[in-house]
Amino acid sequence: MRIILVTGAGGAGRTTVAAATALAAAHAGQRVLLVSDDAGAVPGGTGPLTVLRPDPGGDFRREFLALQARSGTALDLLGAAPFEEAELTELPGARPFALLRALREAASGGHDLAVVDLPPLTEALAVLALPEQLRRYLRRLLPPERQAARALRPMLAQLAGVPMPAQWLYETTARWAEELAAVQALIEDPGTTVRLVLEPGPAAAPALRSARLGLALQGLALDTVVANRILPATSEDPWLAALAAEQHRHLETLRTGAGGLLRELPHLGRDPRGPEDLVLLAPAPADAGPAAPAVPRVEDRRAQDGVLVWHLPLPGAVKEELSLVRRGDELLLAAGPFRRALSLPGALRRCAVTGAGLVDGELRVRFAPDPGLWPAGS
């Protein structure tokens, strides 16, 4: 199944573009699922199209009650009164998890295409990074190797004089880790691409640069850049003509930055009123096809300079907004508002970082082999 993740600047019309994309694919004979919070995104009578709306409140209640049931013995010992379902209300932060759960459900529905209406750009990139981040936290706090000693836990508790983590905690952690891994696999699948929706204006070019940087850091492919609500180039109304001229100046900047990925959609002069309007707003495939995701690579320059160089594509990165820290077998990288913990390739784990530089949108980190760790003669 192919997945198109639709995001963009707030108010640029990303939900409309997501609905139009899904509807056009359904009319072309594909089995399509649209994942969207907006109950009015797709009007009635839209043909072979299924709409899935994330349920943050329901997901939170189910997870909380399941966790409460598993920890019932401990709560009884503490004299705590359990919650009932009617008492529970959605907490802040539940929405991203509901969206990820809906994405996982989409993969098991037998569809040809899933179109996912994501939040605005910065929030969307944070949601897409969430599975990998949470799996890392779980591995650090409850390492899988500790679970292998579950049979020894009662004896260890007696020897240590302190209670060991309960079995339900490890079981719950394992289930969460499995679900997060499944969602992460969907996000990183080659068939998953990102569609960016922008309205030409002063904020469009910075948003495109930020999107390219965030997507490159996460290794995600950009499918299409949609320039939405384009006004007619000519008008007899002086006010409208001036507004259109300003918009088209920003459109030229977007065209340069997006290259063959840019697609333009007209302003209808009104909000879309039905399937007929949505059909007019479905972007055609980009001329260049989806941009390949940025892939880090290791260059062996031991013969010339005595180092290995790790090339990390970061288009649009600014030197002053970059920071990196080596921690064990990871490189903690921050680029602008985005952060990621990158696992070092095997060869680089036996090296020490000696320097880094940003060259033509690519971060090049130099590693010198550690004689104490590097195999002799290699």
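Author: In this predicted model, helix 4 gives the largest share of the lining of the second largest pocket, namely seven residues.

Reader: How can one tell where empty space is left?

Author: The general idea is that a probe the size of a water molecule is rolled over the atoms, and this shows where empty space is left. In this structure, the second largest pocket has a volume of about 660 Å³, and 22 residues line that pocket, with Glu63, Phe97, Arg101, Leu134 and Trp176 being the closest to its centre.

Reader: Which elements give two or more residues to the lining of the second largest pocket?

Author: They are helix 2 (56–70), helix 4 (94–107), helix 5 and helix 8. Sorted by class, the residues of this lining are 15 nonpolar, one polar and six charged.

Reader: What is the volume of the largest pocket, and how many residues line that pocket?

Author: The volume of the largest pocket is about 880 Å³, and its lining is made up of 42 residues, of which Glu132, Leu217, Gln218, Arg340 and Leu342 lie nearest the centre. Two or more residues of this lining come from each of helix 5 (121–141), helix 8 (167–188), helix 9 (204–218), strand 9 (307–313), strand 11 (330–335) and strand 12 (338–343).

Reader: Which element gives the largest share of the lining of the largest pocket, and how many of its lining residues are nonpolar, polar or charged?

Author: The largest share comes from helix 5, which gives 10 residues to the lining of the largest pocket, and by class that lining holds 25 nonpolar, eight polar and nine charged residues.

How values were computed. Residues are numbered from 1 along each chain as its sequence is written. This is a predicted model: local features need pLDDT of at least 70, side-chain atom pairs count only at pLDDT 80 or more; totals for chains, interfaces and linings use all residues. Side-chain values use heavy atoms; hydrogens and water are left out. On a 1 Å grid over the protein atoms alone, a cavity is a set of points where a 1.4 Å probe fits but cannot get out, and a pocket is an open set with protein on both sides within 12 Å along at least five of seven lines; lining residues have an atom within 4 Å of a point. Grid points are joined across faces, edges and corners, and a volume is the space filled by probe spheres set on the points. Helices (H or I, at least four residues) and strands (E, at least two) are DSSP runs, numbered from the N terminus. Ala, Val, Leu, Ile, Met, Phe, Trp, Tyr, Cys and Pro count as nonpolar, Asp, Glu, Lys and Arg as charged, and the others, Gly among them, as polar.
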